[in-house]
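Biologist: I would like to learn how to read a model like this one. Please take me through it feature by feature.

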Amino acid sequence: MTVIALDVGTSSARAGLYDDAGRGVAGRFHQVRYQPAVLAGGGVEPDPERLLQAVATCLDAVQEG
């Protein structure tokens with residue numbers, strides 16, 4: 001069994017593939033960076049389409065290896 005870990009953060013999305021012992025599988029990690037918009041109150045907001053694209057790209061990349 002393998003597991004894909006997905007981390008969607010403020011400035012990037014990352015995914016990694018792990019084996020059944022919890023070890024990262026070599027060459028099966030991918031990261032996509034993006035720039036969120038800075039809001040007037042100081043918060044940040046990513047573009048939803050860009051965020052979805054980044055997540056899909058990461059998931060595709062770690063599965064294809």
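Biologist: Which residues is Tyr34 in contact with, leaving aside its neighbours within four places in sequence?

Modeller: Contact means heavy atoms within 4.5 Å. Tyr34 is in contact with Val8, Gly9, Thr10, Ser11, Ser12, Ala13, Pro46, Arg50, Leu51 and Ala54. This is a predicted model: local features need pLDDT of at least 70, side-chain atom pairs count only at pLDDT 80 or more, and totals for chains, interfaces and linings use all residues. Residues are numbered from 1 along each chain as its sequence is written, and side-chain values use heavy atoms, with hydrogens and water left out.

Biologist: Which residues make up the largest nonpolar core?

Modeller: A nonpolar core is a set of buried Ala, Val, Leu, Ile, Met, Phe, Trp, Tyr and Cys residues joined through side-chain atoms within 4.5 Å. Buried means under 20% relative accessible area, exposed over 50%, and partly exposed in between (1.4 Å probe, protein chains only). The largest core here has eight residues: Ala13, Ala15, Val32, Tyr34, Ala54, Val55, Cys58 and Val62. Strand S2 and helix H1 (48-64) each supply at least two residues of this core. H1 gives the most, with four. Helices (H or I, at least four residues) and strands (E, at least two) are DSSP runs, numbered from the N terminus.

Biologist: How many bridges join S2 to S3?

Modeller: Two strands pair if DSSP finds at least two bridges between them. S2 (residues 12-18) and S3 have six, and run antiparallel. Arg14 stands opposite Gln31 in S3. Five residues lie between the strands of this hairpin, and Gly22 takes a positive phi near 85 degrees.

Biologist: What about S1 and S2?

Modeller: S1 (residues 3-8) pairs with S2 in the antiparallel sense, over six bridges. Ala5 stands opposite Gly16 in S2. The hairpin joins S1 to S2 through three residues.

Biologist: Is S3 largely in the open or largely buried?

Modeller: Of the ten residues of S3, one is buried, so S3 lies largely in the open. Take Gly24, which is found in S3 (residues 24-33). Gly24 counts as exposed because its relative accessibility is 51%. Not counting residues up to four places away in sequence, Gly24 touches Leu17 and Tyr18. The C-alpha atoms of Gly24 and Pro46 are separated by 28 Å, at 22 residues apart along the chain.

Biologist: Where is Met1, and is Met1 buried or exposed?

Modeller: Met1 lies in the segment before S1. Met1 is exposed, with a relative accessible area of 78%.
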